[in-house]
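Q: I have a structure open and want to go through some of its local features. Can you take my questions as they come?

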Amino acid sequence: MRDFIKVLRRFVPPYKKSLALSIIFNILTAFLTLFSFALIIPILQMLFKVDTTHYVYMSMDGGASVKEACVNNFYYYIQTLIETQGAVLTLAILAAALIVMTALKTGTAYLASYYIIPLRAGVVRDIRNHIYNKITSLPIGYFTGERKGDVMARMTGDVAEVENSIMASLDMMFKNPVMILVCLFMMIMVSWQLTIFVLILLPVAGLIMGRVGKRLKRKSLETQNQWGVLMSTIEETLGGLRIIKAFNAEHKMRNRFHDENQEFYRLSKTVARRQALAHPMSEFLGTIAIAIVLWFGGWLILGGRSSLDAAEFIYYMVIFYSIINPAKDLSKAAYSVQKGLASMERIDHVLNAANPIKDPENPQPIAFRSGAIEYRNVSFSYGENKVIDDVSLTIPAGATVALVGQSGSGKSTLADLLPRFYDVDSGAVTIDGKDIRDVRVHDLRALMGNVNQEAILFNDSFYNNITFGVENATMEQVQEAARIANAHEFIMQTEDGYNTVVGDRGCRLSGGQRQRISIARAILKNPPVLILDEATSALDSESEHLVQEALERLMKNRTTLVIAHRLSTIAGADMICVMHEGKIVERGTHKALLELNGFYKRLVDMQKF
């Protein structure tokens, strides 16, 4: 219950008004339920001549208690009505009063649910927003240690479980305790001896249910973790379907999926069986409680140990039975909440993830004056694996510097340190002499444009892909950017021009076309610093020529950091740095490096071959 209250404290405050109204109407519902049951006593006692007492009107200041005066006067009016109007008409009036009170009761019950619904739906919406915001704010390094499918499972399956368990149980969690408390109050008014006995009896049943609920939470957590494994396998299968088919690995992937699915089935079966136990167990324990109270009440009345008469005892049992159903619903809600809390733990794994890439407490403004970039004795490691080892590099304003070297030499990592996708372990990266950790991440990345080896496009129109991250761009500006990127012509050949949707990850386009759209996006942003990460390595010769032409236009008058495998594309760079095992081992122009007859010369000779 403590964990449940923590969840409510985190997400319910914006909906305090809805919660307060729901509780008020639940209280009204509980009182109306009790008073509608109270009509049973005069029907039993007077209409069927069980009670032959002659009642006289009693004033409130006559020395009697308020309860005694109210009960006496209620019986007085009923007795008077029977004498003047007859028993049948009195019964009809009481029945009509019962209908009216039931109508009021059901109306207030509906209003209680009506006001809890915005809270339920709103909290689930807020959790989804929090997770998405957190995912977009976390550094790229976080996702290298997490399965994408498992992150998706936390955002979909786990949030759905919270919605179907914790939020769906909110109504019961707020309505049933109110009903139980009001009924207990009335039971104390009717017979305090019986009620003390009940208060000893009910917690025993609650303790049994609570122990089973804790075990359910543990198993639910295992089930949700296994669901994350399943989602990861599905995501990997869809992403790698071409390779799976090319290597005839369908059977292997099917066996893997079937084994994981079987484990999910086993865990789901265990959780479902324990959850199914909630209703029978609560009903059985409730019946035992009713039987014991019935025996104890009979023992009190028959032995003359209580002032209760038979009709009042029946009314007491009706009230007690009114507690049983809310208590059973409360136990079922407790079961559901345990499942939801297990999912909330998995959601919190994302929400509470530490983000090492933070804005400084006192950020400095960054005015891009000359645009000189400097790496000062920079080192960086992925865990124990040192990727960048004491690298120093200066990129003059407006210059083009290329990084080359074997795969795994640290080229891309060095480039990723510039927009703070990762932070250096030691040393510093500066722009115009200012450490990039002293400025806001948003301001830093606003200076930069990226064109990567894999052109990442969204399932949206050409226009929206080109204007991605740029506010209020006109169609003329977009078309101009596309022309510079050699993309305008093929865009206009599509069915809807710039409004044509490019498909999932740009699947309706060729590699060269996707890359040119990516370049057009960078051109429209017009950044002073440009990072090109193997932008032409995956293209055929014709596409490479068009893309290279577009890149040359893009690189004019910008400080550019280029990562290249195809050395022919960076022959005109102002400086080429050769990386090997995390260090810059050679630097200079294309011609100067060839004359050194070292690492760079060997790379050029291999490509010629």
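Q: Is T233 buried or exposed?
A: T233 is buried, its relative accessible area being 0%. Bear in mind that this is a predicted model.

Q: Which helix is T233 in?
A: T233 belongs to helix α8, which covers residues 192–239.

Q: What does the T233 side chain make a polar contact with?
A: With the side chain of E260, at 2.5 Å.

Q: And which residues is T233 in contact with, leaving aside neighbours within four places in sequence?
A: M253, R256, F257 and E260.

Q: What about T223, buried or exposed?
A: Buried: T223 has a relative accessibility of 7%, and the cut-off for buried is under 20%. T223 also lies in α8.

Q: What is T223 in contact with, again leaving aside neighbours within four places?
A: F264, L267, S268 and V271.

Q: Switching to charges. How many salt bridges does the structure hold?
A: The count is 15. In general, side chains of opposite charge can pair when their charged atoms come close.

Q: What does R346 form a salt bridge with?
A: With D158; the closest N and O atoms are 2.8 Å apart. R346 sits in helix α12 (residues 310–351) and D158 in helix α7 (residues 148–190), so the pair ties together parts that are 188 residues apart in sequence.

Q: Are R346 and D158 buried or exposed?
A: R346 counts as buried, with 2% relative accessibility. D158 is buried too, at 0%.

Q: Which residues are linked with them in a network of salt bridges?
A: The network links D150, R154, D158 and R346.

Q: Where else do side chains meet in a salt bridge, say for R508?
A: R508 meets E495, at 2.8 Å from N to O. R508 and E495 both lie in the loop between α17 (488–492) and α18, so this pair ties together parts that are 13 residues apart in sequence. E495 is exposed, with a relative accessible area of 53%.

Q: And which residue does D389 meet in a salt bridge?
A: K386, with 3.6 Å from N to O. D389 counts as partly exposed at 24%, and K386 is partly exposed at 49%.

Q: New topic, the sheet. What is the strand order in the open sheet of six strands?
A: The order is β6-β7-β8-β3-β9-β10, and the pairing is mixed. The edges are β6 (448–452) and β10 (583–588), each of which pairs on one side only. Neighbouring strands are turned against each other by 20 degrees on average, with direction ignored.

Q: How many bridges join β6 to β7?
A: Five, and the two strands run parallel; β7 covers residues 529–533. Within that pair, N450 stands opposite I531 in β7.

Q: Which helix lies across β6 and β7?
A: Helix α18, residues 511–525, running at about 175 degrees to β6.

Q: Which residues of α16 are buried?
A: V478, A481 and A482, in a helix of residues 475–484. They cover an arc of only 100 degrees around the axis, which puts them on the same side of α16. As background, an α-helix has 3.6 residues a turn, so residues three or four places apart point the same way.

Q: What follows α16?
A: N486, whose phi is positive, near 60 degrees. Most residues other than glycine have a negative phi.

Q: Where does D432 lie, and what is its phi?
A: D432 is in the loop between β4 (426–431) and β5 (434–435), and its phi is positive at about 55 degrees although D432 is not a glycine. D432 counts as buried, at 17% relative accessibility.

Q: And E581, buried or exposed?
A: Exposed, with a relative accessible area of 64%. E581 has a positive phi near 55 degrees and is placed in the loop between β9 (575–580) and β10.

Terms used:
Residues are numbered from 1 along each chain as its sequence is written. This is a predicted model: local features need pLDDT of at least 70, side-chain atom pairs count only at pLDDT 80 or more; totals for chains, interfaces and linings use all residues. Side-chain values use heavy atoms; hydrogens and water are left out. Helices (H or I, at least four residues) and strands (E, at least two) are DSSP runs, numbered from the N terminus. Buried means under 20% relative accessible area, exposed over 50%, partly exposed in between (1.4 Å probe, protein chains only). Contact means heavy atoms within 4.5 Å. Two strands pair if DSSP finds at least two bridges between them. Axes are lines fitted to C-alpha atoms, for helices over the stretch in contact, and angles run from 0 to 180 degrees between N-to-C directions. A polar contact is a pair of N or O atoms within 3.5 Å; within protein, one must be able to donate a hydrogen and the other to accept it, and residues adjacent in sequence count only if both atoms are side-chain atoms. A salt bridge is a side-chain nitrogen of Lys or Arg within 4 Å of a carboxyl oxygen of Asp or Glu. The arc is that of the directions from the helix axis to the C-beta atoms.
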